[in-house]
Amino acid sequence: MAQGLDAQNKLNAMHNINYTRRVTFFLSGLLIIFSQGNLNGQTLKSVKPVNHTYQIPQDYLREPDKIPAFWISTVDDVTKFLKQNVHKGHVEIIGTSAGGRPIRAVVYGIPRNGKGTTTFSGSLGFGDVRAYRGPDHDKIVYMGIAAVHGGEFEGIVGMVNLIAVLETGKDLRGKEWPDITAVAGKLNRIILIPIVNPDGRSRIPLRMEAYRDTDLTVAEYLNTGGKPDGKITGWPQIKEFIPMDLTLPGFPGGYPNDAGVNIQHDNFFGKRQPETQALFDLAERERPDLIINMHTGAVHMLMHRPFCEPVLYPVFDTLFRSVLTELTLSGLQDTKDPLIEADLGRSPMSVFNLDGALNLLCGALSVVVESPSHAFSGKGQSGKIAFQTPEMLLDAQLTCHQEAMKFLSLTGGRSKWTKNNQK
Ligand SMILES: [Zn+2]
């Protein structure tokens with residue numbers, strides 16, 4: 001979650017659960033990773049000792065009896081899926097995590113050719129973003145990222161299935177998405193990163209969490225961490241300590257990388273984490289128009305207004321209305337009324353975070369989307385429990401990507417969003 005949960009869920013989060021049985025979970029033992037390679041002309045070397053013992057209540061590591069085949073969410077399963085199924089696109093390692101794990105992107109289409117003549121800030125001062133975006137400024141580039149927080153699986157599953165659609169026309173259930181296939185053909189470039197934070201995702205040894213009705217304690221424990229007795233650290237309290245001390249008792253959750261940093265709130269203008277740097281390098285190279293940053297932590301799927309250049313506010317408004325309207329018409333919101341669900345008042349501005357940083361780096365509109373969770377349900381406006389099946393969660397993921405890509409195709413991207421390309 002990048003923003004948080006509604007008041008009802010936060011009340012649920014206050015419930016204390018005490019478990020006497022615990023499992024001591026040796027994640028890595030003593031592992032020294034030396035990795036050296038040549039990526040995009042850069043020599044990468046990472047040396048990272050990891051020696052942590054995590055204590056998690058045993059019940060927290062329970063999986064459902066039945067996990068749908070389309071629910072591909074672990075680092076190993078995603079890596080295997082990409083290796084076996086990406087043929088039209090290319091798999092590229094864009095960087096190495098703090099813990100020495102490769103970060104993989106899948107790219108489709110032809111990248112922008114050539115470079116601009118100035119920095120992004122310089123182009124704003126000059127009054128024309130084309131000076132930064134270069135000769136291919138009017139090409140349109142879509143980027144999707146997931147699992148900045150390792151305990152938020154829905155975005156990973158969505159991204160894997162989106163890749164399946166781009167490769168075969170069908171998701172892993174066999175459902176066709178003709179609108180995605182059509183709009184993908186109109187975009188010049190698509191870049192998808194199923195797991196930005198493989199350290200955080202690897203810390204949670206589950207493919208799918210057990211469903212726990214309206215109690216979000218376990219989901220939050222696995223995501224944002226907690227004490228050995230099973231109590232959660234809490235959100236947003238977890239953000240008071242970045243980097244966090246991974247050697248403390250309990251479980252640090254899937255938020256941080258192996259350096260203890262939640263990269264949604266990295267030190268963007270200072271010494272950046274390797275995951276952030278990989279995203280920055282990629283964003284500078286590709287100059288995407290639109291970035292969708294998939295998180296989990298809402299009752300129904302919601303898009304957050306980013307802290308970004310004011311010139312992009314009306315662009316976000318249109319994107320928000322497009323995506324939320326389609327989600328509503330698809331039966332994936334609280335009500336069936338788009339006027340209610342696509343009301344801009346639902347999305348107050350976020351604090352400065354990764355998405356604001358990506359915007360100021362390259363001019364992209366970068367937005368967080370918060371998915372409901374497979375592990376617990378929130379309550380809708382009427383107080384009714386908003387249970388969503390894994391199938392509905394996947395539909396919401398793919399609908400969001402579909403509408404975001406349609407929006408990009410119809411509006412023409414950054415070069416067309418601002419009048420005369422002005423700042
Ligand atoms: Zn998150």
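Which residue lies over the face of phenylalanine 153? Arginine 201 does, at 3.7 Å from the ring centre, and arginine 173 lies over the face of phenylalanine 70 at 5.7 Å; a charge counts as over a ring if NZ of Lys or CZ of Arg is within 6 Å of the ring centre and within 35 degrees of the ring normal. The model is predicted, with local features requiring pLDDT of at least 70 and side-chain atom pairs pLDDT 80 or more, while totals for chains, interfaces and linings use all residues. Residues are numbered from 1 along each chain as its sequence is written, and side-chain values use heavy atoms, without hydrogens and water.

The whole structure contains 12 aromatic pairs (rings of Phe, Tyr and Trp, the last by its six-membered ring, with centres within 6.5 Å; stacked under 30 degrees between planes, edge-to-face over 60, tilted for the rest). Phenylalanine 307 and phenylalanine 352 are paired edge-to-face, at 5.8 Å centre to centre and 65° between the planes. Phenylalanine 307 lies in the loop between S10 and helix H10 (313-329) and phenylalanine 352 in the loop between helix H11 (338-341) and H12, so the pair ties together parts 45 residues apart in sequence (helices, H or I of at least four residues, and strands, E of at least two, are DSSP runs numbered from the N terminus). Phenylalanine 307 is partly exposed, at 37% relative accessible area, as is phenylalanine 352, at 32% (buried is under 20%, exposed over 50%, partly exposed in between; 1.4 Å probe, protein chains only).
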